[in-house]
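Biologist: I would like to learn how to read a few features of this structure with you. Could you take me through them one at a time?

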Amino acid sequence: MKITFYGAAQTTTGSMHLVEANGKRILLDCGLYQGHRKEAFEKNRNLPIDPKTIDYVILSHAHIDHSGNLPQLVRQGFRGRVFARQSTTDLCDVMLRDSCFLQKRDLDYINKKRKKEGKHLFEPLYDEKDVDVLMQLFIPTHLHEPREICRGVTLEFFNAGHILGSALVQLDIKSDHGHNHRLLFSGDLGQPNQPILRHYEYPSGADILLVESTYADKFHPSPDDVELRLEKYLKYIDRHNSKLLIPAFSVGRTQQIIYYLNKLAEKKKVPREVKVFIDSPLSQKATQIYANHREVYNEEAKKMLAEGKDPLVFPGMQFVGTPEDSKALNDMPGPMIIIAASGMCEGGRVLHHLKNCLKDPDNIILIVGFQAENTLGRSIVEKKNPLRVLGEEVELKAQVEIINALSAHADRSGLMDWISEIKDNVRHAFAVHGEPEKVAAMEQILKDYGIKSAVAPMPGQTYKFD
């Protein structure tokens, strides 16, 4: 067997790893690369693999950097099967259609300029027809139910605790040559003790490990800090009649923030004057899917439900419907909280809110998730000035705050905890899904745990196993 690392190698986006065994080609994830628009567009359009040669895709979870290029795989000829948990399948159905919408809107803007300049017009990576075909290829697969996907290759999912439906992928491979391997792919590993979802699991016996490295060199603050800081920001915007703008991923992060605001509302720590708007149609759909899959909730969330409290609903929370309603928020006085996508500020409704909010020193921009290199979100974290938003330069006067404790990725401590429990049989380990300094830190963690053959692969690099 052999593994080739095509995406999320020395970077955090575009997750894509090819496993070849027993004459079959199995793709672990097929995500979109995110970064500079032109570079991202070219990388995403020019797939490094002929889709017609792929037999199966195994999807760790629905985030776009892991699932977002699946429709293009279909557009270019893939007709195999996609294995994922049912909740992941449900999320992909709405997230990939949202991706179509965002691509079309962005390209309409770009092509308008290109047409005036007499340049060739761009086409989207894919459209809803491609998503329609893709959704017919999904095979919902339950946790802890081994499934032989082809001769000599058995798939089993374990809980990854990252977002709804996230899975650790285990492949038992019986080679035609008599050599057996157990491969374990972490996908994105969740931070322990996060709200709503159950903790990650510790599958045993893997000899080949692919592990994410997003925060391999950092420790997150205690989650106890989240409520205290949110309460402080609520008091501030109430006092200054200003806005708290939270760019948030529609899946995972938005539900976490709703949960924490719910807890504060329950303790009567949300001032009555503060209005809370969830400004993302995708967030509304994703939150409904979370509500439809309560079987994955942790004990605390289940206890809330048993007491008649919904962890994803609280008085005064409003979902924003139309684009006109979204834009109307810019003319409304504070105090208010606006939670809007996208999480890395690369598209979506958050952009016009940023353009409106960045200029006021009484407003707060709260960053609650990882911001990849070359994204507007990273520029905000680094407090670059001015910022380029919707084609215009905007001066950054608003306050920028960061809460890393809300991260759905395990930090260094969580990663070390997980590796310490699953390491005993590991002979080969690969640090993926991290920028160079992160995968280097993960490589060292793996070696410190006695895994001598630990490397951080380069894009396109192939490793063979007997």
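Biologist: At what angle do helix 6 and helix 7 pack, and how far apart are their axes?

Modeller: Two packed helices are described by the angle between their axes and the distance between the axes. Here helix 6 (residues 224–240) and helix 7 (residues 253–266) pack at about 70°, with axes 10 Å apart. That makes helix 6 roughly perpendicular to helix 7 (angles of 65 to 115 degrees count as roughly perpendicular, under 35 as roughly parallel, over 145 as roughly antiparallel and the rest as oblique). Axes are lines fitted to C-alpha atoms, for helices over the stretch in contact, and angles run from 0 to 180 degrees between N-to-C directions. Helices (H or I, at least four residues) and strands (E, at least two) are DSSP runs, numbered from the N terminus.
This is a predicted model, with local features needing pLDDT of at least 70 and side-chain atom pairs counting only at pLDDT 80 or more, while totals for chains, interfaces and linings use all residues. Residues are numbered from 1 along each chain as its sequence is written, and side-chain values use heavy atoms, with hydrogens and water left out.

Biologist: Which residues of helix 6 and helix 7 meet?

Modeller: Val226, Glu227, Leu230, Glu231 and Leu234 of helix 6 meet Tyr260, Leu261, Lys263 and Leu264 of helix 7 (contact means heavy atoms within 4.5 Å). By class, this contact of helix 6 with helix 7 has 6 nonpolar, no polar and 3 charged residues (Ala, Val, Leu, Ile, Met, Phe, Trp, Tyr, Cys and Pro count as nonpolar, Asp, Glu, Lys and Arg as charged, and the others, Gly among them, as polar).

Biologist: At what angle do the axes of helix 4 and helix 8 cross?

Modeller: The axes of helix 4 (residues 86–116) and helix 8 (residues 281–292) cross at roughly 170° and come within 10 Å. Helix 4 and helix 8 are therefore roughly antiparallel to each other. On the helix 8 side, the contact uses Leu282, Lys285, Ala286 and Ile289, while helix 4 brings Ser87, Asp90, Leu91, Val94, Met95 and Asp98.

Biologist: What is the order of the strands in the open sheet?

Modeller: Strands of a sheet pair through backbone hydrogen bonds, either parallel or antiparallel. The open sheet has 6 strands in the order 14-13-15-12-16-19, with parallel pairing (two strands pair if DSSP finds at least two bridges between them). Strand 14 and strand 19 (399–402) stand at the edges with a single partner strand each, so one side of each is left without a neighbour in the sheet. The twist averages 20° from one strand to the next. Strand 16 (residues 364–367) runs parallel to strand 19, joined by 4 bridges, and Ile365 stands opposite Val400 in strand 19.

Biologist: Which strands does helix 7 touch?

Modeller: Helix 7 packs on the sheet and touches strand 12 (243–247), strand 13, strand 14 and strand 15 (336–340), its direction making about 155° with that of strand 15. Helix 11 (residues 350–357) lies across strand 12, strand 13, strand 15 and strand 16, at about 145° to strand 12.

Biologist: What is the volume of the second largest pocket?

Modeller: Rolling a probe the size of a water molecule over the atoms shows where empty space is left. The second largest pocket has a volume of about 370 Å³. Of its 18 lining residues, the closest to the centre are Ala265, Glu266, Val270, Phe314 and Pro315. Helix 7 gives the largest share of the lining, 3 residues. On a 1 Å grid over the protein atoms alone, a pocket is an open set of points with protein on both sides within 12 Å along at least five of seven lines, a cavity is a set where a 1.4 Å probe fits but cannot get out, and lining residues have an atom within 4 Å of a point. Grid points are joined across faces, edges and corners, and a volume is the space filled by probe spheres set on the points.
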